[in-house]
Amino acid sequence: MTDRIISELENAAGIIMAPPNVVSNEQRHAAESIFIDFRKSKSPYPICREILEKSQNHFVLFEAAEVLKVAIIREWSFLLDSDKVSLRQYLFEYITTREAAPFVRDRILQVLAIMVKRASIDDNGKERANLLREVENLIVNAEPDKKILGCNIITNLMQEYASTVKSTDVGLPWEVHFKAKKQFEATDLKRIFQFCIYLLSEAVKTDPPYSESMLQLTGYLLKITENVLTLIGIYEAVYEADAAPALKLTSSWSEIIFSPVLLPLMFQIYWKVRDLEQLAHHSLTCLVQLASLSGGIVSSDEVRHKYLHAYIMTLLNLVSNVTIKSKESLGVSNIVRKLVIFFIHDMPKLPDGVMDTLLDEFTRLTCNFSDGAALEQSSEEDTYFSDAFDNMLEAWSTIIQEFSPTENKLAECSKRIFNNYVQCHLAPPDGCRQSNNGDLEDIEDNEDKDRSRYKDQLQTIGVFGRVVPSHTLPLLFKLLEARIEKLVVQLESMHNRAMNISEAASLDNIFEDIHWILLISGHVLCMDSDGETPMIPSEIMQYSIEQNKRNETTLDATIKAIVAVESKVQTPPDFDQCDHVIRIVFNVLKLCIVEDYAVSITLGHFLSPEVGSTLMWFLKRWCLSYLLPVENYYQELSPTLIGCLGKDTDCAKLVVKYVIAKIQSNLYYFQSEPILLRDTVDLFCDIVCVKQKSTHIINTDSMRNLIRLHQEMEPGTLPPNILRGLFKGFVLAGVALQNPADMNSYYEMILTPLQQRCKSIVSQENFTRIFHEEKVQKVVIDLLECFIGIAKGSQMASVEILFCFLAPMLSELPVFLTIYNNYQVIVQLILELFGQCAKYMLCYLSPLDSKRLYESSLAMVQAYAKCNTGRLSTEAFAEENSFQDLALVLDLLTFILSKDCIDLCANANNEEINVTASDVSLFGLNFIMPLMTLDLLKYPSLCAQYYRLLVLINDIYPEKICNLPQDLLRTLLHSVELGLTNFGSDIVQACLDFVQGMATYIFRHKLLNTPFAEGLRPFLKLIMDLTLSHQINSDTMSSASTCIYSLMCCFQEDYQMLAQSLIDMQSDPMIAERLAAAFTNLTSLVAMTCDRQPKLRFRDNFEKFIANVHGFLLVK
Amino acid sequence: MGDIDDTHFETGDSGASATYPMQCSALRKNGFVMLKSRPCKIVEMSTSKTGKHGHAKVHLVGIDIFSGGKNVKKYEDICPSTHNMDVPHVKREDYQLTDISDDGYLSLMSDNGDLREDLKVPEGEVGAQLRADYDAGKDILCTVLKSCGE
C-alpha cells in the first residue's frame, strides 16, 4: 500500500520535473493534483516517515517534509505527547545520520523548529533545552559538517521564534508567540550567545587565511551571534521603521555583556575578518548592535559610562589604525550614530582627552566619507560612502545640539567638516569636484533636484555653518564673488567672439560652483521653516550684532552696497564694512543683474536655467526670513540688518524692487524654461503671502509693472500652470490692504481686464461660429488659467470680492462646456476650475454664495454628463481621456462635500437653501457610477478617489444613500463588491468602512425591511468568506471584524445559517466540532447591539477565532 | 448619441494655412501638434534637458488624430522648448444623423442646416452600434473631426 503511494508520488515528481517537451499539459496537471491531494492528507506521519526512509527522490522527500509541516501546524493539539517526542527524535536522528539534499534538510529543520517551539509553550522549554544540549555536543565534538548542521538547527530555531509574519502560519495568536519568544530569550538565547562567544574566542586564536570549513563555521557562528543581538527586541520594534532595533537587554545579561573580554574580542574578530567579505558584514553588525546597548542592563549612570568608555577605547583603536573601506563605512557610521543616540549624555563625562580624540576621529571619518561620497556621485554605482556620510551628519546634528557651540573643539570640527563639504562641491583648483567630462546626458525633469535630493545633508551643513559664522560667511561671499567675476569675464569674451570647447566646460564649472554655493549659503543663512514662521537664525543675528558692535561693519557701508547693486561698479564703496549677510545677498542680486545683462547682449541662451532656478530658490528662502522682518518676533535686532531690511526703509524698498524686477525679467525672457518659471512664480507667491511683508510690496511701482507685463502679454505665451501661479500671487497680495476701499480698487485693477476680455469674447455675435478658432480658444484657455489662479489664491478676507467676480463667469461655464465639449483641454480646465473653487473658496463662502457655487457646479456636472453619456468613440486613448476627466469630476465632488466638514464662514445664518452640497455630490455620483467600469477602476488613483468619495458620502449622508433608486443602489453595491475583491488593501479598507457604516445605520434606524438592507445582506457571507480564505490581509482584519459584527447585528439569522452551513460542510466530525466550538466562542458574551463595547470585544474574539480556525480549516 | 471621428477629404480650407506656429513650451497635454507631418493629439508631454545646466527640451508623444481602432499611429518628437512647432487647426463639428443610405453613406445635417452626405459609416464596433441605434430610431448626434484638409 505505502509502496504504491510512494511509487505513484515518484512518478508524479518525475512528470513535474520533466522538461516541457516531454510531457503534455494534462499529464502535468494530473501530477500536480496528486501532490495537492497529498498535502491535504490527515495524520500523514507514518506515511511520511516511510517516504523519508524509502524514497530516493528529492522532490518527494521535500514534499513529505512539507506535508509534515502543514500537518503538525494543523493537528498539533490532537497529537499524543509520545508521538510528538518520537517524531522529533526521529527527525533529529534523520538529519544527523543521513545525507539529505540541502533543501530537504532545511525543510526538515524547519519542521523540527516548529515542533520545538510549539512544545516549549506547553513545557516551558524543557524539550528545547534537551535539543540544545544535543546540538552543543554535536558542535563541540563532531566532524566539521556536523558542526555546521548544529549551527543550522540553532539558526532555524531562532528564526521560528523571531518570525512575525509567519505567526498565523503556526496557528498561534500573537500574544502566545510573544510569550514564547520572551521565554526563549530569557533562557536559551543567552545560553546560545555564550556558547557562540566561547567558540569564537577559540576561533580568533588562529589567523587568516582560514580553511574552508573553519571559514564556514566562523561564518555560522557570527551569523548566530548577530541574530541573537538583533533578535532581542524585534517584537517591540515591529512598528518602528528602523530595520535593526536597539539591543535592549535585561540585567540578567550583565555578566556576559560587561565581561571585560567581550568588546575587545568582538573588535578583534572584526579586525581579523574585515577582508573576508562573507564574514565581515555579520561581525560588523554585532558591533553596531553592541553600540546600542540599553534596557535594564544599564542599571546606573556609572555602568553606562564604563561601558561607553570601554567601547570607545576599542573603537578608537580600530578606526585610528585602519583605513575604512567603502563597504564598512556604512557599519562604522552606524556605530557612531547609535553611540550618539544612546550615549550622548554620557559623552561629556568621558575623560578630557578621550572626548577630544573622539571628536577628532568623528571629524576625520566624516570628511573621509564626504570625499568618498563625492567620488561615488560621479560613478553613480554604490552609495556606501554617501549613506555613511548621511549617518555621520545625523550624529553630528545631535552632538551640536548637546554641546555648547562656543566650545573650541566643536568650532574646529565644524570648520573642518564645512570646508571639506564645500571643497567636495567646487571645481578645482578651489575644490575637488570630479568633472563629468562634459558628459551631456539627458536629465528628465521629474528627477529630484539637488535641493530636495540633498536636503537633509544641506540642513546639517547649514547647522555647521552657523556654529562658526565668522568663518563661513566670509568664505561663502569670497567664493561667490570670485565666480561672478569669472562669469562676467567669460560673458564679455563670448560677446566678442565664439566660445571654444574648453571655455564651454569652464562655463559649466562656474555654473555648477555657483549653484552649490547658493545652496550652501541658503542653508547657512536660513533654516527650513515648514509650517513655522521663517525667522533669522539667532546665531546669524548675534553674529551681525557683534560685528556691528566691534565696528567691523557699519549700516552706512551696508546700505551703500545695496544701492550699488544696479550700478556697474564692481566694488561698492567701503565694501569691507558691509554686513556679511548683506554681502552675500549683494552678490546674489548682482548675479541677477548679470543674468539680465547676458540676455541684453543676446547671450541668454548660454545661461544655466538650473542656476536661475537656484537663484529663485535662494531669494525665496532669504526674503521669507530676512526681508521686512517682523520686529517684535526678536529679542535683539542687529542694527545693520534692521537698518537696511526693516519696513519703511528705502533700502528694503530697493531690495523689493530688485526681486520683483527679476521675477518680471524671468517671465519675459525665459518663457521656454518651465521649471525656472515655476520657481519664479513660487518666489512671487511666497513673498506676497505674508501679510506684514506684502503691505510693503503691493503699492510699489514694481508690482504695477508686473501686473502690466501680464496684461500686455499675448495669450498662450506662457507654459501651462505659470499664469495661474502668477494670478494666485496677485490675489494673495491684495489681502495685505487693510482699507476695504484700497482692496476693492486693487482687485478691480487685477480683475476688470479679465472681465472685459471675457465679455468681449462672449458678446461677439458670431461666437457660436468662431468659438473653435485658435485665437479664440487661446484666450479662453488663458482666462480659465487666470480664474484657477484666482480661486487658488483666495483667502478669508478676499473671498467675498473674488467670488463676486467669479460667480457670473462660473454660471456661464456650463454653456461653455457644452460649446467646447469636443475640446478636451478646455473641458478639463473648466472641470478643474470648479474643483479649485470648491477646494479653496467654498469653506469661506456664505450660505448664499455657497448656493450659487452649488448651482453652477450642478449645472456644470449636468452639462458634462449630457455631453458624455452614451458617447462612443473611434478615437484611440478614449479610455485614458475619460480617466482624466472623471478624476477631475471626482475631485470636484469630494471638495464640495468637504463644506459639510469644514465651514469657516463667519455668518452662517440659515436662509432658505434649496441646493445643498449633497445634492451636487449625489447627482454627480449618479452620473459617474455607470461610467466607472472595471477597466477605468484599474487606474489606481482614480480607484482610490472613487472609493474615498463613496465613504465620505456615506459618512455624511447615510440617509441619502439609503434612498437611492433601485438600479443606482445596485450599481453602488456592485462597485463596493468589486472594491472588496479586485484591488489593493486600501480600497478593501474603504469598502469595509462603507459596509460597516451602512450596516450600523440600518441597524440603528431599524431599516431592515428596506431594499437597501436586502442589497447589503450578501456582504455578510462575502466578507466572512474573504476573511476565512486569507483574502483579507492582517492589516485590514480588524476593520473586517467590526464590519462583520455590524452586519451580524442586522442579519442574525443569516449569520446562524452561515455558521451552520460552514460546520455542515466539514466531512471530518472532529473538525466540525472544533469549528462549532470556535463559533460559539466567537459570540460568547457579545451583545448584538452594534455598540462600541461589544464591538471591541467581538473584534478581540474574532482575532482569536481566525488564528484558531486558520489552523485546522482548509478553505480554498 | 454616437460620436464618430472619421476621415474624409475636403478640397482645401478656402486657401487658409492648415497650421499655425506655437512655441514648444506653450503646448499642452491633450492639445494638438504636427508630428511627422501628421496632425496629432498630444498624449504625453515631458521636459528634460541636456546636461545639468542645459536648456529645456520638450518630449512629445502624439497620436495621429485620424488613426484609431487597431492601427493607432503614435509619433514622438523631442525639440528645444524655444522652437516653434506647427499646430494644426482642428475643428470638431456636431451633425444630426438623418439617414444611412444603402451603400453605407451617412446623411448628416449641421446645426445651421447644412447637409453633407460624403461620409461612410465607420468600421468596427462604433459603426455597428451606430446602425443599431439608428435602426432603433434613436436621435443620433455625430461629431466630425476636420483638420489639415482631411
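**Entry 1: a buried charged pair**

I began with Asp513(A) and Arg433(A), whose side chains meet in a salt bridge at 2.8 Å, N to O. I take a salt bridge to be a side-chain nitrogen of Lys or Arg within 4 Å of a carboxyl oxygen of Asp or Glu. The model is a predicted one, where local features need pLDDT of at least 70, side-chain atom pairs count only at pLDDT 80 or more, and totals for chains, interfaces and linings use all residues. Residues are numbered from 1 along each chain as its sequence is written, chains are lettered from A and ligands numbered from 1 in the order in which they are written, and side-chain values use heavy atoms, with hydrogens and water left out.

Where do Asp513(A) and Arg433(A) sit in the chain? Asp513(A) is in helix α22 (residues 501-525) of chain A. Arg433(A) is in the loop between α18 (408-424) and β3 (442-444) of chain A, and the two are 80 residues apart. Helices (H or I, at least four residues) and strands (E, at least two) are DSSP runs, numbered from the N terminus.

Are Asp513(A) and Arg433(A) buried or exposed? Both are buried. Buried means under 20% relative accessible area, exposed over 50%, and partly exposed in between (1.4 Å probe, protein chains only).

**Entry 2: further salt bridges**

I searched the whole structure and found 56 salt bridges over all chains. Side chains of opposite charge can pair when their charged atoms come close.

I looked up Asp679(A) and Arg451(A), which meet at 3.1 Å, N to O. Asp679(A) lies in helix α29 (residues 674-688) and Arg451(A) in helix α19 (residues 450-453) of chain A, so this pair ties together parts 228 residues apart in sequence. Asp679(A) is buried, because its relative accessible area is 8%. Arg451(A) is buried too, at 17%.

Next I took Lys851(A) and Glu855(A), with their closest N and O atoms 3.8 Å apart. Both lie in helix α38 (residues 847-868) of chain A, four residues apart, about one turn of the helix. Lys851(A) has 18% relative accessibility, so I count it as buried. Glu855(A) has 34%, so I count it as partly exposed.

I also noted a network of salt bridges that links Asp360(A), Lys409(A), Glu412(A) and Arg416(A).

**Entry 3: the nonpolar cores**

A nonpolar core is a set of buried Ala, Val, Leu, Ile, Met, Phe, Trp, Tyr and Cys residues joined through side-chain atoms within 4.5 Å. Which residues have the most contacts inside the largest core? They are Tyr311(A), Trp622(A), Leu667(A) and Leu1016(A), in a core of 393 residues. Helix α25 (residues 580-600) of chain A gives the most to this core, with 12 residues. Apart from it lies another core of 15 residues, including Cys24(B) and Val87(B).

I then followed Leu1016(A). Residues up to four places away in sequence aside, Leu1016(A) touches Leu973(A), Val995(A), Met998(A), Ala999(A), Ile1002(A), Leu1047(A) and Phe1051(A). Contact means heavy atoms within 4.5 Å.

Phe1051(A) lies in the loop between α48 (1037-1050) and α49 (1052-1065) of chain A. Phe1051(A) has a relative accessible area of 2%, so it is buried. Its contacts beyond four places in sequence include Leu1008(A), Ala1013(A) and Leu1020(A). I also looked at Phe1003(A), which is 48 residues from Phe1051(A) in sequence and 9.3 Å away in space, C-alpha to C-alpha.

**Entry 4: chain B**

Chain B has one helix and 10 strands. Of its 150 residues, 49% count as buried. I checked strand β10 (residues 141-147) of chain B: six of its seven residues are buried, so it is largely enclosed by the rest of the structure. Seven bridges join β10(B) to strand β7 (residues 90-100), and the two run antiparallel. Two strands pair if DSSP finds at least two bridges between them. Arg92(B) stands opposite Leu145(B) in β10(B).

**Entry 5: where chain B meets chain A**

The contact takes 48 residues from chain B and 55 residues from chain A. The area buried between them is about 4200 Å², of which carbon and sulfur atoms give 48%. Buried area is the accessible area (1.4 Å probe) that two parts lose on being put together, summed over both.

I counted four salt bridges between the two chains. One joins Asp450(A) to Lys52(B), with the closest N and O atoms 2.3 Å apart. On the side of chain B that touches chain A, the largest share, seven residues, comes from β3(B).
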